[in-house]
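Hi,

Have a look whenever you get a moment.

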Amino acid sequence: MPKQQKGPRILAAGAAVQLLTGIPAAWGVFQRPVMEEYAFTRAQATLAFALLVAGYGVGCAAGGLLQDARGPRLAAAAGTGLLGGAFLLAAVVPAGNAALFLAVYSLPAGVGSAFLAPAVLACAQKWYAGRKGLATGVTGAAMGLSGAFLTLFVRGVGGRFGMRVCFAALGAVVLAVCGAGAAVLQDPPARGRAPAAPGLSPRAMLRTPQYRLCLAGVALAAPPVLLFSPEILAMAADRGLPEAFAPLCVVLGSAASAAGRLACPALSDKAGRKPVLYGVCLGLGIGSAFFAWARGWFFVAAYALLTFFYSGGAAVQPALNTDLFGLRHAGVNYGFLALGMSAGSLLSYAGSQLLPLPARHLAAGVCAAAGLGCFALVKPLCQNGTAVAKKA
């Protein structure tokens, strides 16, 4: 199949895979049913969410290594097995056994999602090297819509048959859909004897201040959303939204997430990565102030604003990563950058347990401002994948 015809097929397969990997965006709709089905406390259910996101960050590094060494198809297949298996095992965990749930669901589901993400993102960027923002935006939009899909699935299947049946059904869907998508993924063919794409090795990247600043920026972008998302349905009811409409927070938040993942990377192709990330951090700061006092439908709007900027910033990061460090090791380098998600998740979990709600709102705004400062300090390191210092 000619390359120009196969590119859209790769994007479609990547989007199908990403539609089932946005569990963190939908955890608010999982939290209460999981607590009731498995007799978990609020702290245990929130820890399940935090470890899932932390596993995602750690798994991105391992998934990136596998993707760079063996290609996107094998990495995506491994991620499919981990994610689908985690859902199936969660269906049989005994009630009250939080430790087993964390071991067989949270960590494997996070790592499995992470194996899928670098495989899809790095593969899409290689097929659309001239429009990396657009490529990551299309697949990222599907990941944003994942929250809406999972919300409807949990409310429908879980509400009628219980969470164990819901988890088992999700496992079957993941194995079928993500398995089919993984079979399609492949890197573009090499052009004759063209040299390998330039870029810094992971070891060289890890030594740069640019990597450390980006890592901190990724971590600091998480608390404005993750400090609140596990409890978003309860917060919506407390802020005056009728209980029947509370799930709309997750659905509309997911729609806003998809819009952010599509719009921000595409805009960054024209306006530049850093200016868009400045706007993302400002949006998170302003959105955090709005979210602190919003009530009723304004609460829904404020949460959607936060998810738009949070997800939009996350979708710009892979393109910034390859701008700075090159395409040659895009999968594993992005994986190491995603460790910031793990740090941000654990930071958010600690804040949600230790800080009262007003202090959490203040912390969210401070983190957004600090993230802006980190991105402002990032200086160009690579030009077309070649280190500036070496090129000089």
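**Pocket, cavities and contacts**

The second largest pocket holds about 340 Å³ of space. Lining it are 17 residues, and V29, R32, P33, R155 and L233 are the closest to its centre. Two or more lining residues come from each of α2 (23-38), α6 (132-161) and α11 (232-238), with α2 giving the most, 5 residues. By class, this lining has 9 nonpolar, 3 polar and 5 charged residues.

This is a predicted model, so local features need pLDDT of at least 70 and side-chain atom pairs count only at pLDDT 80 or more, while totals for chains, interfaces and linings use all residues. Residues are numbered from 1 along each chain as its sequence is written, and side-chain values use heavy atoms, with hydrogens and water left out.

On terms: on a 1 Å grid over the protein atoms alone, a cavity is a set of points where a 1.4 Å probe fits but cannot get out; a pocket is an open set with protein on both sides within 12 Å along at least five of seven lines; and lining residues have an atom within 4 Å of a point. Helices are DSSP runs (H or I, at least four residues), numbered from the N terminus.

Searching the whole structure gives 3 cavities of 30 Å³ or more. The largest cavity has about 550 Å³ of space. Of its 40 lining residues, R261, Y310, S311, A314 and M341 are the closest to the centre, and the largest share, 9 residues, comes from α14. That lining divides into 25 nonpolar, 14 polar and 1 charged residues.

Helix α14 (residues 297-325) also packs with helix α9 (residues 209-221): their axes (lines fitted to C-alpha atoms over the stretch in contact) come within 11 Å and cross at roughly 170 degrees. That makes α9 roughly antiparallel to α14 (angles over 145 degrees count as such). In contact (heavy atoms within 4.5 Å) are Q210, Y211, C214, V218 and A221 of α9 with Y310, Q317, L320, L324 and F325 of α14.

Finally, there are 5 salt bridges in the structure (a side-chain nitrogen of Lys or Arg within 4 Å of a carboxyl oxygen of Asp or Glu). One of them pairs E37 with R164, with the closest N and O atoms 3.3 Å apart. This pair links distant parts of the chain, 127 residues apart: E37 is in helix α2 and R164 in helix α7 (residues 163-184).

Best wishes

How values were computed. Axes are lines fitted to C-alpha atoms, for helices over the stretch in contact, and angles run from 0 to 180 degrees between N-to-C directions. Angles under 35 degrees count as roughly parallel, over 145 as roughly antiparallel, 65 to 115 as roughly perpendicular and the rest as oblique. Grid points are joined across faces, edges and corners, and a volume is the space filled by probe spheres set on the points. Ala, Val, Leu, Ile, Met, Phe, Trp, Tyr, Cys and Pro count as nonpolar, Asp, Glu, Lys and Arg as charged, and the others, Gly among them, as polar.
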